Amino acid sequence: MRAVGYFSEFPGRRADAPRGASLSQQNDDFLAYCDANGYEPAAAFLDPSGDGERPGLRQLLEYLSRPEKGFLVVVAASFERLGAGATEAARAYFQITASGARVISMEEGALDEARMLKLWSAQRASSGVGERVREAMRRLAVQGQVLGRPPYGYRAGADGRLAIVEDEAALLRHIFRLYLREGLGIRRIAKRLNEEGYRTRRDGNWSMVTIRDLLRNRVYLGTYARFGVRVPSNHTAIVSVSDFDAVEERMQGRRRPAAPARPSHFLLSGLVHCNDGGTRMIGVTRRQQWTRRDGEVVKSTYRYYQSEARTNQSVGAYHTQRADDLEAEVVRHLTGEASGALQSTVVSAGDSKAVAAETAMAEARVRSRMRSLDRQLSGSLGLAAGGRLRPEQLRETAHEVAGEYLLAEADLATLAHRAEAQASDSDRRRHQEQQRERVRSEWGRLPFEERQALVRDLVEKVLVDDDRVRTILRP
């Protein structure tokens, strides 16, 4: 079996860290490890700096995405060496495993979700001040005191414990009845609530994700759980144990193992929106199988972009476009073979300072999104470590978050490239035309990653109507 090595240096690592601190020592250990365990060394990827940039990891992930790579294991010195912190290391783990490769730590052995969770928890616990804060929070949690925002259906009572909000509790019982008595799925429940005019606590539409989380939250049994502490009968329950167990049993029966999320396989990921309302359209893959009359089993895969409102909140008008057709049309817009490409009017021609300001704001938005994704991953890891999220649920969520993080990093790289290339209006126009010429002359020869980078450099957004598609170019 072939193996690739990943070696890194991050600030704050001990000089006497296991398997050596230097990249050369890690490489020597990798070669010795392969020799001792019968692996064939195939490649090595290095991240020598600790400034937040990780070109070695990006190159590794690009290498793993190649169809001809074969079956590989990725070998690192230790779990800590996968990132500058516990959550960053976990993110790298899920980015690697999403490609189908296994991860082996020379210090801790082969990593799976269970072992990775233990290492993540141990690394988090070793952060002094953070652990002292968490310990203080645990002491409050043992007393059943409300920490953070109370869940839907409850408020913080005078004694510091959860107290029922009657109108919200009534809607929660209604949701459980719809699921158990009427047999509606979570998507149809969200649609029903939105059609009937119910609003979330933040005055938003109900989504299938929100409904799912409410149905699975044991807080409605009277159990308070925070920071690894669980306090049964801490407050008044909203639903019965029998109803909650029945929901859990039905969900178990409907749950199927999820394939790793691969959002980067859609050329226009993050760029497509419905024109009437601006709802984002997301890439969806459906696989179908049927048997012909002659007994032949036929399998087919369908890829398309679908309104997020349809898949999540089931409200409003929505559009669906076949992925291949939509992507081909946007490319024709860029090459000039079809009309439909429009210049963004956000920034006026010649206003280089405005372009720089717009680019800086865009970068700030992307970095904010990346921090939010890491918080989401950290929260999921914490739930899984506490036994409140199943391994397959963690894997599904983490692969999706890790994929979205890669797209955000690609957006940052695109913005940095634009900032360098667009110092003046003439430079902007020249850069844009050079990129469009690459689309015209090189498109068929480019790998998917370079095609996607070209599109993200040129396109601000794609707007879909019932009868037309418009490609809005970046300023």
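Modeller: Fine. Bear in mind that this is a predicted model. I would start with strand β16, residues 469–473: five of its five residues are buried, so the strand is largely enclosed by the rest of the structure.

Colleague: Which way do the residues of β16 point?

Modeller: Val469, Thr471 and Leu473 point one way, while Arg470 and Ile472 point the other way.

Colleague: What about β15 and β16?

Modeller: β15, residues 459–464, runs antiparallel to β16, with five bridges joining them. Valine 464 has valine 469 of β16 as its bridge partner.

Colleague: How many residues sit between β15 and β16?

Modeller: Four, and the two strands form a hairpin.

Colleague: Switching to the other sheet. What is the strand order with β11, β12 and β13?

Modeller: The order is β11-β12-β13, in an open sheet of three strands with antiparallel pairing. The edge strands are β11 (281–291) and β13 (320–322), each of which pairs on one side only. Neighbouring strands in this sheet are turned by 35° against each other on average, direction ignored.

Colleague: How many bridges are there between β11 and β12?

Modeller: 11, in the antiparallel sense, with β12 covering residues 297–307. Tryptophan 290 is bridged to valine 298 in β12, and arginine 287 has threonine 301 of β12 as its bridge partner.

Colleague: Which residue takes a positive phi in that hairpin?

Modeller: Glycine 295, with a phi near 95°. The hairpin of β11 and β12 has five residues between the strands.

Colleague: And how many bridges join β12 to β13?

Modeller: Three, again with the strands running antiparallel. Glutamine 306 stands opposite threonine 320 in β13.

Colleague: Which strands does helix α11 lie across?

Modeller: β12 and β13. Helix α11 is residues 323–335, and it runs at about 50° to β12.

Colleague: Helices next. At what angle do α3 and α4 pack?

Modeller: About 165°, with the axes 9 Å apart; α3 is residues 86–97 and α4 is residues 113–125. That angle makes α3 roughly antiparallel to α4, and α3 passes α4 in a right-handed crossing.

Colleague: Which residues make the contact?

Modeller: From α3, Ala86, Thr87, Ala90, Tyr93 and Phe94; from α4, Glu113, Met116, Trp120, Gln123 and Arg124. The contact residues of α3 with α4 divide into six nonpolar, two polar and two charged.

Colleague: Last one, proline 41. Where is its place?

Modeller: Proline 41 is in strand β2, residues 40–47.

Colleague: How exposed is proline 41?

Modeller: Its relative accessible area is 39%, so proline 41 counts as partly exposed.

Colleague: And what is proline 41 in contact with?

Modeller: Leaving aside neighbours within four places in sequence, proline 41 is in contact with Ala3, Phe30, Leu31 and Cys34. The C-alpha atoms of proline 41 and valine 73 are separated by 9.9 Å, and the two residues are 32 residues apart along the chain.

Conventions:
Residues are numbered from 1 along each chain as its sequence is written. This is a predicted model: local features need pLDDT of at least 70, side-chain atom pairs count only at pLDDT 80 or more; totals for chains, interfaces and linings use all residues. Side-chain values use heavy atoms; hydrogens and water are left out. Two strands pair if DSSP finds at least two bridges between them. Axes are lines fitted to C-alpha atoms, for helices over the stretch in contact, and angles run from 0 to 180 degrees between N-to-C directions. Contact means heavy atoms within 4.5 Å. Angles under 35 degrees count as roughly parallel, over 145 as roughly antiparallel, 65 to 115 as roughly perpendicular and the rest as oblique. A crossing is left-handed if the near helix is turned anticlockwise from the far one by less than a right angle, and right-handed if clockwise. Ala, Val, Leu, Ile, Met, Phe, Trp, Tyr, Cys and Pro count as nonpolar, Asp, Glu, Lys and Arg as charged, and the others, Gly among them, as polar. Buried means under 20% relative accessible area, exposed over 50%, partly exposed in between (1.4 Å probe, protein chains only).
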